[in-house]
Amino acid sequence: IYFLECLKIPSGAERINRISEIALWIAKEYAPEDTKLHNLILDAAKLSLVGRLVLPERNISEIPTQDGYLKNDRMEKIPIFSKEIFSFFRGYEDVADAVIHIYENYDGSGLPDKLEKGNIPLASRILRVVIDFDDWYNQKKFETNKIFQTIEQEMRRIYDFRVVVLLDQYLAYKASTLKVPSERPIEAEELGNGVTLARNIITESGMKIAVAGTLLTAESVEKIQTIIKTDPVIGKIYIKV
């Protein structure tokens, strides 16, 4: 099936490699000790586009969703076809579950079973964010930051907010590894007056306590450090270099 994806889907191998890299990074940040999840993500990511093989060739490169929903009858066949494909294989139940439920929405409005929140497999929630991001990225028409902002606006309706925050953390991590980085991670104790944030600071409870671009003052630093004593930050704090 993997080779069919690579052959039939334009840039299939490249896309699957990118989806696998991002999804695994997020899974390791979301649940560092859960090696079962990490292995599941790798297997499911390889087959995450399998449902698209049912589409006519003229539609296979389209973004299948609009406003968070599979946008027409053709696209609604994606999870159904995924389920049919996996029915022929034994021993892939967890992978099948992850792939089949990628297009469930966090608020319960998705397909195929209208699962919501924690009832959606975690691997599916991770892959949904990554695949939607990659669908837009693959169009080569949109800046990475613009794509992320579109996804961020749909936290809690379409996406698990924690996965979205970790996608932002992945993008920050990649930016910090460039030859001439524009941002870098620091510990909360290193925050100081005059530092400019490169990314939003969001806590485990989902509270946005500071936004990207904020020039910190002594007062705002004290406020951030007080809050995160009881409500830790998701990921790292990134500042502009």
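Predicted model: local features only at pLDDT ≥ 70, side-chain atom pairs only at ≥ 80, totals over all residues.
Residues are numbered from 1 along each chain as its sequence is written, and side-chain values use heavy atoms, without hydrogens and water.

**Entry 1: cavities**

I searched the whole structure and found two cavities of 30 Å³ or more. A cavity is a set of points, on a 1 Å grid over the protein atoms alone, where a 1.4 Å probe fits but cannot get out; lining residues have an atom within 4 Å of a point. Points are joined across faces, edges and corners, and the volume is the space filled by probe spheres set on them.

The largest cavity holds about 60 Å³. I listed its lining as F148, E152, M155, V164, V165, D168, Q169, R199, N200 and I202. Both α7 (144-152) and α8 (161-176) supply at least two of the lining residues. Helices (H or I, at least four residues) and strands (E, at least two) are DSSP runs numbered from the N terminus. By class, I recorded five nonpolar, two polar and three charged residues in this lining. Nonpolar covers Ala, Val, Leu, Ile, Met, Phe, Trp, Tyr, Cys and Pro; charged covers Asp, Glu, Lys and Arg; the others, Gly among them, are polar.

The second largest cavity has a volume of about 40 Å³. Its lining consists of E104, Y106, I120, S124, R125, R128, I158, Y159 and D160, which divide into four nonpolar, one polar and four charged residues.

**Entry 2: salt bridges**

I found 14 salt bridges in the structure, each a side-chain nitrogen of Lys or Arg within 4 Å of a carboxyl oxygen of Asp or Glu.

I then checked E152, a lining residue of the largest cavity. E152 forms a salt bridge with K208, with the closest N and O atoms 3.7 Å apart. The pair links distant parts of the chain, since E152 is in helix α7 and K208 in strand β5 (residues 208-210), 56 residues apart. E152 is buried at 16% relative accessible area, whereas K208 is partly exposed at 43%. Buried means under 20%, exposed over 50%, and partly exposed in between (1.4 Å probe, protein chains only).

D168 and R199, also in that lining, meet in a salt bridge at 2.7 Å, N to O. D168 lies in α8 and R199 in the loop between β3 (183-186) and β4 (201-202), so this pair ties together parts 31 residues apart in sequence. D168 has a relative accessible area of 9% and is therefore buried; R199, at 10%, is buried as well.

R199 also forms a salt bridge with E183, the closest N and O atoms being 2.9 Å apart. E183 lies in strand β3, so this pair ties together parts 16 residues apart in sequence. Both E183 and R199 are buried.

Elsewhere I noted a network of salt bridges that links E14, R15, R18, R52, D134 and D135.

**Entry 3: single residues**

V95 is in helix α5 and counts as buried because its relative accessibility is 6%. The C-alpha atoms of V95 and L42 are separated by 9.4 Å, although the two residues are 53 apart along the chain. D73 lies in the loop between β2 (69-70) and α4 and is exposed, at 62%. Its C-alpha atom is 14 Å from that of I60, 13 residues apart along the chain.

Conventions:
1 Å grid on protein atoms, 1.4 Å probe; cavity = no way out; pocket = protein on both sides within 12 Å on 5 of 7 lines; lining within 4 Å.
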